[in-house]
Amino acid sequence: MKILVGVKRVVDYAVKVRVGANGVELKNVKMSLNPFCEIAVEAAVRLKENKAASVSEVVALSIGPKQCQETLRTAMAMGCDRAIHIHTDLRGDYMELQSDSVAKLFQKVIEEKEKDVDLVLVGKQAIDSDCGQVGPMLAGYLNWPQATFAAKIDLDGDGLMVERETDQGTETIKIAKLPAVVSCDLRLNEPRYATLPNIMKAKKKKIDQFQADEFDVDLTAKNKVLEVFEPPARKEGITVDNVNQLIDKLKNEAGLLQ
Amino acid sequence: MLSRCKPRTLFKSAHAYRAFSSLLRSPITKDYAELVRRAPASIVVDDSKDLEKYNSDWTGQYKGNSRIVCRPQSTEEVASILEYCSREKIGIVPQAGNTGVVGGSIPINDEVILSVERLNEIHSFDDINGIIQCGAGCVLQTLQAKVANWNHLVPIDLGSKGTCMIGGNVATNAGGQYYYRFGSIHANIIGLEVVLPNGTILDLMSTNRKDNTGYDLKHLFVGAEGTLGVITKVALNCPRLPSARNVAFLACNSFESVCQTLSLAKEKLGEVLAAFEFMDKQVLDQVASEKTIPLTDGKKNHNFCILVETLGSDREHDMEKLESFLEQATDAGHVVDGILAQDTRQVSIWEIRESCNPIIKSKGYNYKYDISLPLSEYYSIVEEMRERLLPFKGDIVVANWGHVIDGNLHLNVITPGKFEVDIQIKNSIEPFIFEYVVAKGGSISAEHGLGQCKNNYLGKYAKSKAAVAVMRSLKDSFDPNGILNPQKFLPSSNSKN
């Protein structure tokens, strides 16, 4: 089995984003590996460690500026065998490069460069654009089966058994035969730390470089962003002195108690 | 005119309290009424148990009997309280977050507790010069969050950040994990507002980093543990928030390798090295019962684990330095295993280190020691202590962790499952540990301070007679009636030191 994992370099989850004239300020802001992509990498590496899956290699793919190589090195330090970097300076947070183009670039990689991919693992969504579209769109373009929001992935004959989390509960999907696209949700696993020996090894692993415009894909945004603004500031809480004051406020100010 | 009245000592309990200076008296009903008038948010109770959270410390070792906690809402109210108590010769215990471990914020008898918890306003932040001005009652974590919004950080960080308050940090010259990188509070204090025992408001607030005009009085109050005045406002230097942070968790087989790794870290990481903490197997075994240790030697914990943090302004640059350091440390065999935490997980690595104290506390009685030693002697005291305690029956663990980069060791002897102090064990540890530390030129209290726990050792194990005499004269000059934290910090009146 050959696995392709999508990894995205996004604004770090802990950063308090600020909105400037051109949307969210990205200059000098800390960037990290998207948490859901990290979960996807972990899922891929665990499959590789599972002898029954017979994984031949795990390839990480990232689309973005040259710093994406750091993100790819992290993915390789976690266990990916090699990586592909598609270089573009277009903003990936929905302002310029959008899901449709990303899905099509993935499709091109699978059809033209890495021709024998059996499983694509991606995070359920990126925490900058929050679209959650690349996985499903890619499956659509490739005409492959898909299972999104995976909380559990098990091998099942020639395919997979995937449990997915929905608002109504857990849904189990049987993917009869690979290849397929699976997007990963929070409870799928807890990603490992990159160990020192693997970090050192990752420095020597290969990253294939391409330019985004060398693929026959339209990179222009299909949707126009009209406005980006911060949500209204939350009012600060107050401290009360004792339980009676708390009850009084809940009753008379918040109207939550009879 | 000196009063020739017989001192009124109204201690009602049969408890054997440490005697106060004969000048001080217990507060009575009229005093409580007057204090509430001066600071309306004060709480008076009939039973001191109702003020349990103010009257006891989190280690469970110290219990006071105060029946009032004054909670002034302004500097003027603080001044009013001190003026009254000074005149009436009533003892006061200033209290901030009450997270200390030497009983410095706990009343010994029924002194009035003066809490700064309501002085919690952030007055200003100058984001060009990086100076915050705020009330003494601001919780450290709140300050850290506020200041991060302006891309700066508070130069101290400790495990108790969610509860401790900046006034207490300053009064105790708190250390913490960034001491090496950002310096002590002395190095970062820009200004203070202090109320003297007689009620005088001493405004030493400033926004000038450089000011050589007169004696630098604010430094007297830093680390004075509330014995010279009550800090009401703080102006503190805040460095810029580094954009690149890396946390590595490494394993070593011997303490010697820990030292060699430290040396290599200082050499290779240079100016981006921010913290270097260690934990030994004994403390890791205890922590492992509640947290997952990310690095293990098969099913056991490693002999030593180190947490290394770098903070810098250029991610690529820091990563290059870090990788070079890690490669060399591994090639030389100092480090046998390690992990590098991705951003989302750096906090959980720190949690392992910061949970040492609370987890150890929950296991049994802790005989806690906080010592400074030269690195060459750092772990030998642990080995000697274990030898000394061998003859004792039952489970005794000597668990150790600390800011090894500062030569600061937190040595904790625990009796798992037993929560009462065993005098024989205590006598086996003390004064041996203090004598050992003194003989090696170390400090018996690296960062925790003296409080009511180690004050009587000041003359014997820490400072010369001449030094203690100067300290006493300073105390007498600032606080002639001895109302602030009586019987703490300096050796108590019935001690021979």
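This is a predicted model: local features need pLDDT of at least 70, side-chain atom pairs count only at pLDDT 80 or more; totals for chains, interfaces and linings use all residues.
Reader: Let's start with the two chains. What makes A and B count as being in contact?

Author: Contact takes heavy atoms within 4.5 Å. By that cut-off, 25 residues of chain A are in contact with 27 residues of chain B.

Reader: And how much area is buried between chain A and chain B?

Author: About 2,200 Å², with carbon and sulfur atoms giving 47% of that. On the chain A side, the residues losing the most area to chain B are Lys30(A), Tyr193(A) and Leu196(A), which together make up 32% of what that side buries.

Reader: Why is the pair Arg315(B) and Glu70(A) called a salt bridge?

Author: The closest N and O atoms of Arg315(B) and Glu70(A) are 3.2 Å apart. The limit is 4 Å between a side-chain nitrogen of Lys or Arg and a carboxyl oxygen of Asp or Glu, so the pair qualifies. The count between chain A and chain B is six salt bridges. There are also nine residue pairs in polar contact between the two chains, both residues at pLDDT 80 or more.

Reader: Which elements of chain A give two or more residues to the side touching chain B?

Author: Strand E5 (31-33), helix H1 (35-49), helix H2 (68-78), strand E13 (194-195) and helix H5 (196-202) of chain A. H5(A) gives the largest share, four residues. By type, the residues on that side of chain A divide into eleven nonpolar, three polar and eleven charged.

Reader: How do you know that E13(A) and strand E15 of chain B pair?

Author: Pairing needs at least two bridges between the strands. E13(A) and E15(B), residues 337-341, have two bridges, so they count as paired, in the antiparallel sense. Thr195(A) stands opposite Ile339(B) there.

Reader: What makes Lys89(B) worth a look?

Author: Lys89(B) has a positive phi of about 60 degrees although it is not a glycine. Most residues other than glycine have a negative phi. Lys89(B) sits in the loop between helix H3 (75-88) and strand E3 (92-95) of chain B. Asn173(B) is another non-glycine with a positive phi, about 50 degrees, in the loop between helix H5 (166-171) and helix H6 (179-182) of chain B.

Reader: Why is Lys89(B) called partly exposed?

Author: Its relative accessible area is 26%. Buried means under 20% and exposed over 50%, so the 26% of Lys89(B) falls in between.

Reader: And Cys164(B), buried or exposed?

Author: Cys164(B) has 2% relative accessibility, which is under 20%, so it counts as buried. Cys164(B) lies in the loop between helix H4 (140-149) and H5 of chain B. Leaving out residues up to four places away in sequence, Cys164(B) touches Gly97(B), Thr99(B), Cys138(B), Val139(B), Leu140(B), Leu158(B) and Asn169(B).

Reader: How far apart are Cys164(B) and Leu196(B)?

Author: They are 32 residues apart in sequence and 23 Å apart in space, C-alpha to C-alpha.

Technical notes: Residues are numbered from 1 along each chain as its sequence is written. Chains are lettered from A and ligands numbered from 1 in the order in which they are written. Side-chain values use heavy atoms; hydrogens and water are left out. Buried area is the accessible area (1.4 Å probe) that two parts lose on being put together, summed over both. A polar contact is a pair of N or O atoms within 3.5 Å; within protein, one must be able to donate a hydrogen and the other to accept it, and residues adjacent in sequence count only if both atoms are side-chain atoms. Ala, Val, Leu, Ile, Met, Phe, Trp, Tyr, Cys and Pro count as nonpolar, Asp, Glu, Lys and Arg as charged, and the others, Gly among them, as polar. Buried means under 20% relative accessible area, exposed over 50%, partly exposed in between (1.4 Å probe, protein chains only).
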